[in-house]
Amino acid sequence: EQVIRLEDYRPTDFLIHEVDLLVCLFEGRAEVRAALTVERRPGSPEAASLSLDGDELTLTSLALDGERLPEGSYEVSPEALTLHGLPASGRFTLSIGTTLEPEKNTKLMGLYRTRGVWCTQCEAEGFRRITYFLDRPDVLATYRVRIEAPRAAAPVLLANGNPVESGPLEGGRHFALWHDPHPKPSYLFALVAGDLDVLKDDFTTAGGRKVDLAIYTEKGLSARSVYAMDALKRSMAWDERRFGREYDLDVFNIVAVSDFNMGAMENKGLNVFNHKYVLLDPDTATDGDYAGVETVIAHEYFHNWTGNRITCRDWFQLCLKEGLTVYRDQEFTADERSRAVKRIASVQLLKSQQFPEDQGPLQHPVRPTRYREINNFYTATVYDKGAELVRMIATILGPERFRAGMDLYFERHDGEAATIEDFLLCFEEAGGRSLERFRLWYAQAGTPTLSVRETYADGRLTLSLSQRLARGAAGTGTEPMHMPVRFGLVGSNGADMEAVPRAEGAKAEDGIIHLLEEKGEVVFEGLPERPLVSILRDFSAPVTLDFPQSREDRLALARLDPDAFGRWRALADLVGETLADAGRTGFSPADAAPVLQAVAAGAADEALEPSLRAQMAALPGEGEIARLVGQDVDPGRVHRARIAAMAELGRIGGESFARLLAEGAGEPFSPAPDSVGRRALRNTILAFVSLAAGDASRAERQFAGATNMTDRLAALAVLAHHFPREAATRKALERFHDTYAGDDLVLDKWFMLQASAAHEDALADVERLAAHPAFKLANPNRARALIGGFASANPLAFHRPDGAGYRFVARMLTELDRLNPQTAARLATAFRSWRSLEPGRRELAAQTLRAIAQGKQISRDLKDIVDRSLQ
Ligand code: B3K
Ligand code: ZN
């Protein structure tokens, strides 16, 4: 099996300057003719042949400057086209004909058809499924694309860049010609043809360019893209304000499709989206969906500069565009909504998704150095830890110098395919500070532990810090790294104390301790009282914190810290420890009482914005508790501990929770943050109260009376998860199904909700759902709802002690792998923490993984994940 290594990178021997594509679409097939303007790279050997990538391609014609190539001057297979004896200098044109079957393309990479719509997905290596090409991100060309298609099936014809010309052809066909003046790598190519509805708007850039905006959706759905359009316009304005980045084409098009391997794709001027991240209205979408649409719309738009104008030299540099763009979309949401709430949500995601990856067999550095299948590296580590690294640069440099570094990066590398080194150099130059100890974060995998110890006497506080990184599955280095540690010293009056530190082995400035060595010490003198140490504010470094701070201090911080994130962190860490203990030895109401009282107090604290109260109230998920338990995890015990804690919390919240629920009932829907926060708070509490009372009737009433999907689904979740066998639950599920039977996005929620319901018969339910007429394995959203809902969101059932949950998932994945390897591989990561299970389950999970690996037709995608999981 071929391994691609970073150290083997070398530039191509040939350049491709221009791509002229003719794509003729017919029912059942597509004919592609590519005319490539090619030139031998100055200085590259004259004898070098040109080897173009292909994937399942059929060559139909081949010519060099209009002449057919003689036998023997080339070799062709579905995977490669190699040409010998090409001109030593000057430009020449290579014309390549291929024929495709989009209807049979279930991998959803390259050109495929979804609900009658032709569309493409090229990142990372899909363009080679359309034509033979140097399909790598450092080959930048301008594209001219002519699409010809039957007008009835495809009145809308779109490609990258600006529209040039369109018109009728014979036989009911028509054409459109598009030109993209910005040189781009092939992974950003896109084409769409179909019968679509459209929502139009426009945006005028700061520089005065009027941009036509359009969101295309399947027939009858364009009213649901109003919010996405609003998010797009806000994103465009924000990128101008915050980063000085303007849009650079006359049009910006978004197309929403039903069958898509991931969230969305940032193709130049023609973003293609999973319709889940475009279509919304209060009746069919939850507040979480609204947040998802806003984030993904912004993310893909921001890629226009971080990804498209400046792209990646090779796929090892993926975090250069992804980590940076996630950072940018997080900042957008923080600016548009609440900074503290967004930061907490990002940290929760990091801990629940990236930490387990970093701490298990799929561990890899933010910039990997080898891969077998690049599509398996679109991970939480590359995206979310990648964003944390950019955030740390901003923390280390401060906002002005960070912005100067970004400006320099845009100026210096515009139009180029860059590397992490290029990026870091811009910040070293603009920031006037070495990032030598910092750059190790890109190379060293794993979650470091930051240990903090405090001693106080006579107005003198000493903080001793140390860092440690254990070598994990990736086998990378363990050197000390530059860790910015944000902190505050909180007085009993709830205000930060002014304190000037003295530091050794560390530097402290502007509320940040810079730990650069393994150990460091900071001393504060002349303090009026013993402060409460609020450490790692803003989660300023992605670490595991080891700080044996007393429970009293943490409970005080949860009440008093003037930093909202600090309040949440103090409380969340206490809750996490309490539930981890319960997950090891069983839940003890007496032990948990003070912590749960603090949770209830946080939920009821009217000084906090509602979303923050909801975050204070939420308990960590079972996966997160399992991670905190660490070893020999019994997922059944973790589940029972969490349920017991929820019920106990409902009892503790008592009257105050009942009041909160009563107050909000009947509040009209609005997507505004306060309204979202109040719904989140009420729906979090609804589960606690229902469990405490052992009574489904509140949830039943909320389900029946709900005026929006958030409240309806939350109530249904309480019924399905906690009262699975009650007749009312069965009736509610049926009613929900019948109401939304024609709506795929809502039906996905119906599958997901049942797949994730933890109870004795969950597996039988999921097997029944897999045979439901509406279950379609070939649709990634549906597959993720059922298989992902079960394997990743239902630990109790997935980790059944008899291994039947594992075997069910293995069967589904093996079947899915034949249709769509990328989605199968992604879902298989549900096994990634198998080594931390108790011995019985550990052995059963390993057996299952080995059985998948031995499958006869296993794809490279799935095999890569399974092999690495087992290593
Ligand atoms: N760049 C795409 C992801 C492509 C995934 C390819 N397997 C979406 C995004 O991150 O914006
Ligand atoms: Zn991205």
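Where is Leu527 found? Leu527 is in the loop between β31 (519-524) and β32 (532-535). Helices (H or I, at least four residues) and strands (E, at least two) are DSSP runs, numbered from the N terminus.

This is a predicted model, in which local features need pLDDT of at least 70 and side-chain atom pairs count only at pLDDT 80 or more, while totals for chains, interfaces and linings use all residues. Residues are numbered from 1 along each chain as its sequence is written, and chains are lettered from A and ligands numbered from 1 in the order in which they are written.

The shell around ligand 1 consists of Glu123, Ala124, Met262, Ala264, Met265, Glu266, His299, Glu300, His303, Glu322, Asn375 and Tyr378. Two elements, β20 (264-265) and α2 (287-302), each give two or more residues to this shell. A residue is counted as near a molecule or strand if its C-beta atom, placed from the backbone, lies within 6 Å of it.

By residue class, the shell divides into five nonpolar, three polar and four charged residues. Here Ala, Val, Leu, Ile, Met, Phe, Trp, Tyr, Cys and Pro count as nonpolar, Asp, Glu, Lys and Arg as charged, and the others, Gly among them, as polar.

Two residues of the shell, Glu123 and Ala124, are joined by a cis peptide bond, with omega near 0°. Ala124 lies in the loop between β11 (117-121) and β12 (141-150).

Met262, also around ligand 1, has its place in the loop between β19 (251-257) and β20. Met262 has 18 other C-beta atoms within 10 Å and is therefore partly exposed. A residue is buried if 20 or more other C-beta atoms lie within 10 Å of its own, exposed if 12 or fewer, and partly exposed in between, with C-beta atoms placed from the backbone.

## Helices and their packing

Helix α2, which gives residues to the shell around ligand 1, is mostly covered, as 13 of its 16 residues are buried. At 1.5 Å a residue, the 16 residues of α2 should span 22 Å, and its end C-alpha atoms are 23 Å apart, which agrees. The expected span of a helix is 1.5 Å times one less than its number of residues.

Helix α1 (residues 226-243) packs against α2 at an angle of about 45°, with their axes 9 Å apart. Axes are lines fitted to C-alpha atoms, for helices over the stretch in contact, and angles run from 0 to 180 degrees between N-to-C directions. The two helices α1 and α2 are therefore oblique to each other. Angles under 35 degrees count as roughly parallel, over 145 as roughly antiparallel, 65 to 115 as roughly perpendicular and the rest as oblique. The crossing of α1 and α2 is right-handed; a crossing is left-handed if the near helix is turned anticlockwise from the far one by less than a right angle, and right-handed if clockwise.

For helix α24 (residues 821-828) and helix α26 (residues 860-870), the packing angle is about 15° and the axes are 7 Å apart. These helices, α24 and α26, are therefore roughly parallel to each other, and their crossing is right-handed.

## Positive phi in two loops

Asp65, in the loop between β5 (59-64) and β6 (67-68), has phi near 45°, a positive value in a residue other than glycine. Asp65 counts as exposed because it has 10 C-beta neighbours inside 10 Å.

Leu108, in the loop between β9 (91-100) and β10 (110-114), has phi near 60°, again a positive value in a residue other than glycine. Leu108 counts as buried because it has 24 C-beta neighbours inside 10 Å.

## Pairs separated along the chain

The table lists C-alpha separations.

| Pair | Apart in sequence | C-alpha separation |
|---|---|---|
| Ala404 and Phe243 | 161 residues | 9.7 Å |
| Leu527 and Gly491 | 36 residues | 9.6 Å |
| Gln444 and Thr478 | 34 residues | 6.6 Å |
| Met262 and Pro780 | 518 residues | 8.2 Å |

Ala404 lies in helix α6 (residues 399-413) and, with 17 other C-beta atoms within 10 Å, is partly exposed. Leu527 is partly exposed, with 17 other C-beta atoms within 10 Å. Gln444 is found in the loop between α8 (440-443) and β25 (449-457), and its 20 C-beta neighbours inside 10 Å make Gln444 buried.
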